[in-house]
Amino acid sequence: MTDGVREKLFLPSEHVLRRTGQRALGLGLVALVVLVIGALFDRERALQGYLVTYLFWVGLPIGGLAILMLQHITGGAWGAVIRRILEALVATFPLMAVLFVPIALSLPELYAWADADVVAHDPILQHKTPYLNESFFVTRAAVYFGLWVVLSFFLARWSRMRDRPDPPSQRRLENLSRGGLLVLAMTGTFASIDWAMSLEPHWFSTIYGILFLGGQVLAALAFSIAIAASLSDAPLLSSSFTPDRFHDLGKLLLAFVMVWAYFALSQFLIIWSGNLPEETPWYFRRLHGGWQWMGVSLIVLHFAVPFALLLSRPLKRRAGALAAVALGVLTMRVVDVYWLVAPSFGSDHFTVSWIDFAALLAIGGIWFAFFVSRLVRQPLLPLSDPDLPELAEVAS
Amino acid sequence: MRNLAAHGLMAEFASAADLVAAAREVREAGYRHFDAYTPFPIEELDEAMGLHHTRLPFLVLIGGILGGLGGFALQYWTSVVNYPINVGGRPLFSWPAFIPVTFECTILAAGLTAVLGMLALNGLPQPYHPVFNISRFALASRDRFFLCVEARDPRYDPVETRHFLEGLDARRVSDVES
């Protein structure tokens with residue numbers, strides 16, 4: 001593999017992603033200032049907005065880690081073309097770990113089980129204290145991030161070494177991915193229970209973790225498709241980002257839209273059928289006081305519309321059109337996380353504040369700039385992957 | 001003069017790449033009534049033969065929609081009209097409970113439409129086909145690739161078409177009796 005080809009597979013210096021990354025950083029820092037000002041006025045609201053939007057953004061590297069390991073096990077050109085994008089995605093875990101600190105420092109203000117006054121009058125919460133207590137919560141979060149950072153580090157490192165002389169065997173990546181997927185399924189489930197479900201500590205749902213993970217995988221796939229589409233017209237990359245591969249990614253996007261709908265409906269149907277007083281309040285709150293319209297928008301815009309659009313073969317084969325649908329799905333992921341989490345803070349009526357938008361843009365802007373800074377460090381395609389034979393032709 | 005008893009000319013190729021290249025040439029030469037036979041699916045072949053349109057996806061969509069409506073209607077009729085039972089005080093028309101069966105009926109009808117529609121559009125089952133009159137054609141399910149230009153094509157000429165096919169790297173060209 002000549003260095004010349006390797007050079008050309010880096011993100012071109014005038015590419016739109018570079019500028020977007022710089023602007024995102026500026027926007028993120030401005031939004032962060034706004035958020036801090038918001039916190040001075042209404043500290044509780046700012047913390048809540050921060051937690052909700054954090055739960056959306058942290059889903060991108062978590063979902064990306066799942067897809068990255070999955071494509072190492074299954075193989076296929078669809079995975080090879082987005083592998084470097086996924087590796088840049090999971091390289092943002094250290095940043096997300098740092099951004100978790102404000103949450104870890106404000107547990108009593110966010111979680112009822114961390115508020116000693118509440119627990120003192122609540123026998124159920126006293127019963128749950130061995131699990132739901134501050135030090136164990138923070139320890140668990142540290143373990144999740146530790147495992148995710150280590151997994152992503154070795155996945156990215158060994159994958160890059162495959163392009164160098166004397167590469168490690170693909171088998172090593174496959175074995176790491178096998179164990180890693182199990183670890184991710186467990187840690188992802190527990191993280192969603194800890195960070196989101198425990199906001200309403202009396203309520204529980206056994207499908208909650210996988211519902212969260214499914215949504216995170218969907219978000220990461222949609223994000224990767226949008227990034228891949230932005231790369232598809234760059235010279236040299238266009239021979240790899242072909243309509244066939246976008247077609248495959250589009251089919252996967254359709255499948256994960258359906259998987260999300262399947263999990264979401266499963267949880268609803270089971271709770272609706274059981275009709276038990278300890279389970280139904282969660283849905284009751286989300287189906288009244290304006291929140292129900294957010295729920296309806298999820299059925300229509302998170303499922304029905306993308307489902308119908310993604311049935312179209314020509315749409316899946318056009319990078320621009322597919323990216324537009326993917327960005328729509330990504331937007332609806334924000335709405336879904338908000339609908340799942342925000343009503344837990346106790347408001348009977350639908351409410352969204354400028355502080356929420358500031359938090360979304362603050363975390364998102366900084367996160368996206370960090371993502372781009374990871375993306376530009378490597379060639380954008382795995383040069384020696386047998387699933388991308390056209391790269392060998394380009395090199396010779 | 002055309003040989004009216006002939007089904008066409010069968011060209012035999014040694015590799016998938018030769019066949020795809022030949023199919024492209026045959027199409028560019030203006031032939032429209034020809035078919036290719038291979039031991040395994042070849043993705044590029046559709047495009048080389050100019051086979052862009054298939055009505056199957058549309059049929060599957062219709063089948064799926066009808067299956068979904070049918071499944072929903074069946075449940076509505078059984079639980080609301082024909083045999084209403086009070087289950088745990090829920091309304092008779094408890095649509096959330098209908099969704100899984102509606103979904104399954106959608107998939108079932110779409111899947112059956114896909115299989116049966118594929119067979120129908122391909123004209124299957126077909127007890128007799130002239131291409132089997134060539135003994136070597138059995139190799140089409142092993143390691144040879146065949147392309148048959150049919151006599152009903154307006155451009156077909158027993159002599160010229162044979163020359164043309166022989167010029168395309170065909171291992172051999174045989175007459176197919178109808």
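Modeller: What follows covers helices, their packing and a few individual residues in a predicted model.

Biologist: Let us start with chain B. What span should helix α4 of chain B have, and what is the distance between its ends?

Modeller: Helix α4 of chain B covers residues 95-121, which makes 27 residues. At 1.5 Å a residue it should span 39 Å, and its end C-alpha atoms are 37 Å apart, so the two values agree.

Biologist: Where does α4(B) bend, and by how much?

Modeller: The bend is at Val101(B) and amounts to about 25°.

Biologist: Which of its residues are buried? And what covers them?

Modeller: The buried residues of α4(B) are Pro96(B), Phe98(B), Thr102(B), Ala109(B), Ala110(B) and Gly117(B). Their cover includes α13 (243-274) of chain A as well as α3 (56-82) of chain B.

Biologist: Which residues other than glycine have a positive phi here?

Modeller: Two examples can be given, one from each chain. Asn275(A) has a positive phi of about 55° although it is not a glycine. Asp169(B) is not a glycine either, and its phi is positive at about 70°.

Biologist: Where is Asp169(B), and is it buried or exposed?

Modeller: Asp169(B) sits in the loop between α5 (158-166) and β4 (172-177) of chain B. Its relative accessible area is 56%, so Asp169(B) counts as exposed.

Biologist: And where is Asn275(A)?

Modeller: Asn275(A) follows α13(A) and lies in the loop between α13 and α14 (280-286) of chain A. Its relative accessibility is 48%, so Asn275(A) is classed as partly exposed. As for α13(A), that helix has 32 residues and reaches 46 Å from its first C-alpha to its last, close to the 46 Å expected at 1.5 Å a residue.

Biologist: Now to packing in chain A. At what angle do α11(A) and α12(A) pack?

Modeller: Helix α11 (residues 170-195) of chain A packs against α12(A) at an angle of about 105°, and the axes are 8 Å apart. The two helices are therefore roughly perpendicular to each other. On the α11(A) side the contact is made by Leu184(A), Ala185(A), Gly188(A), Thr189(A) and Ser192(A), and on the α12(A) side by Tyr208(A), Gly209(A), Phe212(A) and Leu213(A).

Biologist: How do α4(A) and α12(A) cross?

Modeller: The axes of α4 (residues 77-90) and α12 (residues 208-231) of chain A come within 10 Å and cross at roughly 125°. These helices are therefore oblique to each other. Ile82(A), Ile85(A), Leu86(A) and Leu89(A) of α4(A) make the contact with Ala220(A), Phe223(A), Ser224(A), Ile227(A), Ala228(A) and Leu231(A) of α12(A).

Biologist: Is Ile85(A) buried or exposed? What does it touch?

Modeller: Ile85(A), in helix α4 of chain A, has 0% relative accessibility and so counts as buried. Leaving aside neighbours within four places in sequence, Ile85(A) is in contact with Ser224(A), Ile227(A), Ala228(A), Leu231(A), Phe371(A) and Leu375(A). Ile85(A) and Leu375(A) are 290 residues apart along the chain, while their C-alpha atoms are separated by 6.6 Å.

Biologist: What about Ala229(A): where is it, and what does it touch?

Modeller: Ala229(A) is part of helix α12 of chain A. With a relative accessible area of 12%, which is under the 20% limit, Ala229(A) is buried. Not counting residues up to four places away in sequence, Ala229(A) touches Phe246(A), Ala319(A) and Ala323(A).

Methods:
Residues numbered from 1 in each chain as written. Chains lettered and ligands numbered in written order. Predicted model: local features only at pLDDT ≥ 70, side-chain atom pairs only at ≥ 80, totals over all residues. Heavy atoms only, no water. Helix = DSSP H or I, 4+ residues; strand = E, 2+ residues; numbered from the N terminus. Expected span 1.5 Å × (residues − 1). Bend = angle between axes of the 7 residues up to and from the residue. Buried < 20%, exposed > 50% of the residue type's maximum accessible area, 1.4 Å probe, protein only. Contact = heavy atoms within 4.5 Å. Axes fitted to C-alpha atoms, helices over the stretch in contact; angles between N-to-C directions. Parallel < 35°, antiparallel > 145°, perpendicular 65-115°, else oblique.
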